[in-house]
Amino acid sequence: MNIEVSARITRLPPYLFGRINALKAAKRRAGCDVIDLGMGNPIDPSPDFVVDKLAIAARDPHNHRYSASAGLYNLRRELARKYERRYGVQLDPDKEVVVTIGSKEGFSHLMLAMLGAGDTVVVGDPAYPIHVYAVALAGGNVISVPLGNDAAFLTRVEDVLKNLYPRPKLLVLNYPHNPSAITVEPLFYRQTVELARQYNVLVINDFAYGETCFDGYQAPSFLAVPGGKEVGVELSTMSKPYNMAGWRVGFCCGNAEMVQALATIKGYYDYGHFAPIQIASILALRNGDEFVAAQAQVYQRRRDILVAGLRKIGWQVDSPRASMFVWARVAEQHLAGQGTIDFSLRLLEEAEVAVAPGRGFGANGEGFVRIALVENELRIKQALRQMDACLNGRKHQRPQSRRAAGTPAATESTTEEHATAQDRAGLVGG
Ligand SMILES: Cc1ncc(COP(=O)(O)O)c(C=O)c1O
């Protein structure tokens with residue numbers, strides 16, 4: 001049989017995390033306790049009060065039926081309340097909010113809702129991989145614009161908007177940024193709105209790390225600047241701030257026509273989340289502000305340990321003020337002429353530490369690795385010792401059982417099959 005899959009599959013860009021995922025899976029199978037700082041997969045538990053509510057709601061048979069594809073009204077209303085409370089943004093829960101199966105699904109189906117064959121989308125490079133893949137899956141073309149700092153990026157974007165014909169239809173933003181952890185101030189969004197109006201381009205801000213902020217920084221919402229709602233939407237998630245990644249709850253809100261286009265696609269494709277998940281999420285949004293702030297502190301402490309340790313190893317690293325990542329330029333003597341994919345393979349093989357190679361996020365990620373703050377403090381310190389031994393030849397004692405260095409991370413406790421399935425699904429890039 002000659003099985004021809006669709007061009008939608010075959011035109012996907014190459015998946016650059018494949019070799020690392022394969023090696024990680026092989027090492028785990030061989031019993032190695034890899035310290036996994038590769039995926040942005042939270043290890044800390046969801047809030048107890050939310051889990052309790054889920055359990056209660058799951059016992060009520062009224063909640064066992066199909067739900068609503070756009071999400072329960074009360075959940076949409078709670079998200080609107082949170083936007084008002086946190087950002088001063090007013091949203092109509094009926095027209096301007098839709099519940100998604102995580103922000104990744106929301107982004108992907110939004111591409112399907114907005115793009116036709118050959119439409120173009122401006123995306124920064126490096127990028128969270130789905131920002132590129134979802135455009136390709138929807139039949140669109142990506143115009144990659146080197147990210148750089150925020151002002152330089154906007155200048156480059158304007159250049160593209162001015163000179164490219166047909167004009168790009170969408171501009172994808174993602175601040176706080178994955179992988180680079182770049183953050184912006186409201187001025188950046190005000191300038192973006194001006195560009196959007198001038199060149200008739202719509203804006204999507206992936207705000208997945210909007211609440212994972214450090215040192216008093218508060219990431220601005222794109223929707224909070226005048227005109228934001230007129231030109232675009234914002235995607236947010238329960239995954240990162242509430243440690244609810246497995247629950248798959250996210251939101252798309254803002255411009256009513258874009259939100260409704262997404263809701264229409266979802267109306268055809270799905271029946272919405274299991275109602276107890278949505279009911280528990282309402283409670284999380286309503287009563288979870290302290291939890292979210294405390295979780296950001298957890299990441300901040302890990303960030304401090306990681307940044308200090310990397311500097312000791314000899315890397316020049318900026319300390320991020322948001323996101324779950326440290327984006328670190330690998331010291332030249334450690335890169336030793338290799339690309340970051342080979343470098344990351346070496347680190348995994350010899351130091352038994354998994355990081356995400358910058359090249360996997362785009363050509364402009366070359367030279368960097370992304371290190372996720374998803375192991376506890378003891379294991380991050382242990383990872384740093386193992387990296388130091390591998391890269392600088394310094395002697396450190398490895399714990400007899402490396403699990404003694406702290407409680408096992410969630411990724412370690414997943415079954416081998418699960419880890420392999422996750423890897424196939426590309427979570428190293430997540
Ligand atoms: C920038 C960005 N957007 C979206 C997602 C996906 O989040 P969700 O769990 O809401 O689908 C991630 C996950 O790593 C991410 O880094």
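# Briefing: sheet, helix pair, domains and ligand shell

Strand E5 (residues 170-173) and strand E6 (residues 202-206) run parallel and are joined by 4 bridges. The model is predicted. Both strands belong to an open sheet of 7 strands. The protein chain is divided into domain 1 (7-46 + 290-429) and domain 2 (48-288). A ligand is surrounded by 14 residues.

**The sheet**

- The strand order is E2-E8-E7-E6-E5-E3-E4, and the pairing is mixed.
- Strand E2 (97-100) and strand E4 (141-146) are the edge strands, each pairing on one side only.
- On average, neighbouring strands of this sheet are turned by 20 degrees against each other, with direction ignored.

- H7 lies across strand E3 (120-125), E4 and E5.
- Relative to E4, H7 runs at about 140 degrees.
- Helix H7 (residues 150-163) also packs with helix H8 (residues 186-199).
- The H7 and H8 axes are 11 Å apart, at an angle of about 0 degrees.
- Angles under 35 degrees count as roughly parallel, so H7 and H8 are roughly parallel to each other.
- On the H7 side, the contact is made by Asp150, Leu154, Val157, Glu158 and Leu161.
- H8 meets them with Phe188, Gln191, Thr192, Leu195 and Tyr199.
- By class, this contact of H7 with H8 has 6 nonpolar, 2 polar and 2 charged residues.

- Two cis peptide bonds can be inspected here: Tyr175 to Pro176, and Asn178 to Pro179.
- For the bond from Tyr175 to Pro176, omega is near -10 degrees.
- For the bond from Asn178 to Pro179, omega is near 15 degrees.
- Pro176 sits in the loop between E5 and H8, and Pro179 is found in the loop between E5 and H8 as well.

- Asp215 is found in the loop between E6 and helix H9 (228-231).
- Phi of Asp215 is near 55 degrees, which is a positive value in a residue other than glycine.

**The two domains**

- Domain 1 is written in two segments, 7-46 and 290-429, while domain 2 covers 48-288.
- The C-alpha centres of domain 1 and domain 2 lie 26 Å apart.
- Across the boundary, 34 residues of domain 1 are in contact with 35 residues of domain 2.
- On the side of domain 1 that touches domain 2, helix H12 (289-313) and strand E9 (325-329) are the elements that give two or more residues.
- H12 gives the most to that side, with 7 residues.
- The side of domain 1 that touches domain 2 has, by class, 16 nonpolar, 12 polar and 6 charged residues.

**The ligand shell**

- Of the 14 residues surrounding the ligand, the closest are Gly102, Ser103, Lys104, Thr237 and Ser239.
- Helix H5 (residues 102-114) gives the most to the shell, with 3 residues.
- The shell residues divide into 3 nonpolar, 9 polar and 2 charged.

Terms used
Residues are numbered from 1 along each chain as its sequence is written. This is a predicted model: local features need pLDDT of at least 70, side-chain atom pairs count only at pLDDT 80 or more; totals for chains, interfaces and linings use all residues. Axes are lines fitted to C-alpha atoms, for helices over the stretch in contact, and angles run from 0 to 180 degrees between N-to-C directions. Angles under 35 degrees count as roughly parallel, over 145 as roughly antiparallel, 65 to 115 as roughly perpendicular and the rest as oblique. Two residues are in contact if their C-beta atoms, placed from the backbone, lie within 7 Å. Ala, Val, Leu, Ile, Met, Phe, Trp, Tyr, Cys and Pro count as nonpolar, Asp, Glu, Lys and Arg as charged, and the others, Gly among them, as polar. Two strands pair if DSSP finds at least two bridges between them. Domain bounds come from an automatic or database domain assignment. A residue is near a molecule or strand if its C-beta atom, placed from the backbone, lies within 6 Å of it.
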